[in-house]
Amino acid sequence: MIGEPSLGLAGVVVLLVLLLTGMPIGIALGITGLGGLILTLGLEPALIKSGVLVFETMSRYELGTLPLFMLMAHLCFIAGASGDFFGFASRLFGHRRGGLAIASVAGCAGFGSINGSSLATAATMGLVAVPEMRARGYSDALATGTVAAGGTLGQMIPPSGALIVFGIIAEQSIGTLFTAAIVPGLTQMLSYFLVVALIVGWRPELAPPTPRATWEERIGALRRVADVGLLVLVVIGGIVFGWITASEAAAVGAAGALLICSKRGKLDRASLRRALEETLRTSGLIYLVVIGALIFAAFIAVTGLADAIGNLIVGLGLGPVATMALVAVFLLLIGSVLDGLALMLLTTPILLPLVTGMGLSPIWFGIFLVRAMEIGFIHPPMGMNLYVIQRVVPDVSLGRIFKGVLPFLTADLVHLALLIVFPAIVLALPNWLGR
Amino acid sequence: MERLRNALVWIAGGALLVVVAVDSLAMIGRQIRFPLLGSIEIIEAVVLIAAGGGLIVATLDHAHARVNLLLERLSTTSRERVLRLHALAGALLFAALLAGTAWIAADLWHGHEASELLGIPYRPLRIAAVLTLLVLFVLSLRGALGRRTR
């Protein structure tokens, strides 16, 4: 039987081709991994190894976290909470020049704290914020670019679906990953605020001020967001301070969302069914991807490809910063043809041993990888958030949306570079909290 | 088919609600120093039902994530052919996973596996996993050989 790094490399190439043909990501990962395992280990061990992985994944306690956070998000959506964060932020900042764009970013961060998906955040906030900004005379490019970029916060601000998947694949604590994501998420949000401020400082006509909301309106908006905001604080605070595990936080979040739905009179048989169905559909998708990724990772481990690449790169003597800069360029290039999830699942088994071999933290790598994935959501040709926003406003061209997102993309690249040069941005909070 | 799907949504969705209830009670119990013993074992058993239901619903709805870059640029006929090939690959994968899972279940059948604290038997769980993979195999095969795919 063959057990060579070259076979692993051939597997990566086959996987890449299958993914580009549009094969479902989980199936492409699984079939490549299984084929590779059969070649390296033989039929019987390969089947048994895969059978063990399937059962363990389906009954895995930690992976149960994902559907529960999704259920929480769907229930909050049904409760009508999606527009509340933007509503509150726009009443606070809307009267300032560019205030609605800042409110959109804040709204994305708020919605991202109940939703772990970039696409869902961009789509939902796009429906709420873009028409409002356009109606108030904001430039199309600024309005759409702000929400397309802001949507990526959904993936970084905990709870994050991508971080849960990374935690499972890389066998890292999901609670620590969530804690580590907070400072990068907040600094990313602040960098977007800065971009908006610089744009409107340079071209004030792009974002005219709107009438100032009264304090009654602001307090009314705060009341509307209070229950969901409190739920988010309990869920994220509970994880960060170690009061509850990520799985318990997900359960508490879903239970709280059920209560909020019920309190707002939005919970009935049909809405509950809709939330459960959406949750099952999305979590089924993730389960298949995780099963496939684990089989593929087992194959890559058997071939020794990761060690071979690690030795090669360490042999170049570049040092951690230059190596990770190189990895970032590689991820951005691959990310221009693969979607974020595929990128993460293809590269984690190969890059993680390299990263840990250089003495870098796997937690840091998880955040770095998700940050690189986020950039892929707004840069062409994949740039899924751009397409999502274009569906919301079909009369705005993709080119114009990309023009709007370009300053944010620049900020993203600077932010990614800062994460490489200063890993403490990621690791300081979990270290300080002893996670 | 729709009734079956509806039942699946309620069974797997109900399993999710059980996970919500058990994990929340376990958390509250731990905070008030009245721990709910074996909560993780209950969740592991129930989450398997939810995961199986989710996998089937996602497959029924053709909702599995894919990279659409090339697929969107193909003609309808070519796209149809490629999708059939993908479904066939899915059927192959699920058949292999089914074989592996059934193999282990058969090997451990007389071992009377059970969880440590509550003694939850693993046999029904292994049967559920095998049935899930069987349904996924049939659905994928139907997608590959049936009259129409999406």
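B:His112 sits in the loop between H3 and H4 of chain B. Helices here are DSSP runs of H or I with at least four residues, strands are E runs of at least two, and both are numbered from the N terminus. The phi of B:His112 is near 45 degrees, a positive value in a residue other than glycine. B:His112 is exposed, with a relative accessible area of 56%. Exposed means over 50% relative accessible area, buried means under 20%, and partly exposed lies in between (1.4 Å probe, protein chains only).

A:Glu171 is not a glycine, yet has a positive phi of about 55 degrees. The loop between H10 and helix H11 (174-202) of chain A holds A:Glu171. A:Glu171 is exposed at 64% relative accessible area. The peptide bond from A:Pro158 to A:Pro159 is cis, with omega near -5 degrees. A:Pro159 lies in the loop between helix H9 (153-156) and helix H10 (161-170) of chain A. Most residues other than glycine have a negative phi, and most peptide bonds are trans.

## Basis of the values

This is a predicted model: local features need pLDDT of at least 70, side-chain atom pairs count only at pLDDT 80 or more, and totals for chains, interfaces and linings use all residues. Residues are numbered from 1 along each chain as its sequence is written, chains are lettered from A and ligands numbered from 1 in the order in which they are written, and side-chain values use heavy atoms, with hydrogens and water left out.

## Nonpolar core

The largest nonpolar core has 200 residues. Such a core is a set of buried Ala, Val, Leu, Ile, Met, Phe, Trp, Tyr and Cys residues joined through side-chain atoms within 4.5 Å. A:Phe69, A:Met324, A:Leu345, A:Trp364, A:Phe365 and A:Phe368 touch the most other members. Helix H14 (residues 269-303) of chain A gives the largest share of this core, 18 residues.

Take A:Trp364. Leaving out residues up to four places away in sequence, A:Trp364 touches A:Met324, A:Leu419, A:Ile420, A:Pro423, A:Val426 and A:Leu427. Contact means heavy atoms within 4.5 Å.

Helix H3 (residues 43-58) of chain A has 16 residues, which should span 22 Å at 1.5 Å a residue; its end C-alpha atoms are 23 Å apart, which agrees. The expected span is 1.5 Å times one less than the number of residues. Buried residues of H3(A) include A:Leu47, A:Leu53, A:Val54, A:Phe55 and A:Met58. Their cover includes helix H2 (25-41) and H14 of chain A, together with helix H2 (39-60), helix H3 (76-108) and helix H4 (123-145) of chain B.

Helix H6 (residues 99-112) of chain A reaches 19 Å from its first C-alpha to its last, close to the 20 Å expected. H6(A) is mostly covered, with 14 of its 14 residues buried.

## Interface of chains A and B

The contact takes 57 residues from chain B and 56 residues from chain A. The two chains bury about 5100 Å² between them, 77% of it on carbon and sulfur atoms. Buried area is the accessible area (1.4 Å probe) that two parts lose on being put together, summed over both.

The count between chain B and chain A is three salt bridges. A salt bridge is a side-chain nitrogen of Lys or Arg within 4 Å of a carboxyl oxygen of Asp or Glu. Helix H1 (2-31), H2, H3 and H4 of chain B each supply at least two residues of the side of chain B that touches chain A. H1(B) gives the most to that side, with 16 residues. B:Ser24 has its place in helix H1 of chain B. B:Ser24 is buried, with a relative accessible area of 11%. Not counting residues up to four places away in sequence, B:Ser24 touches A:Ala251, A:Val252 and A:Ala255.

## Salt bridges and a network

The whole structure holds 19 salt bridges over all chains. One of them pairs A:Glu62 with A:Arg60, the closest N and O atoms being 3.5 Å apart. A:Glu62 counts as partly exposed at 36% relative accessibility. A:Arg60 counts as partly exposed at 22%.

A:Glu277 forms a salt bridge with A:Arg281, with the closest N and O atoms 3.6 Å apart. Both lie in helix H14 of chain A, four residues apart, about one turn of the helix. A:Glu277 and A:Arg281 are both buried. A:Arg281 lies in helix H14 of chain A and B:Asp61 in the loop between H2 and H3 of chain B, so this pair joins two chains. Their side chains meet in a salt bridge (2.6 Å, N to O). B:Asp61 counts as buried at 17% relative accessibility. Salt bridges that share partners join A:Arg273, A:Glu277, A:Glu278, A:Arg281, B:Arg5 and B:Asp61 into one network.
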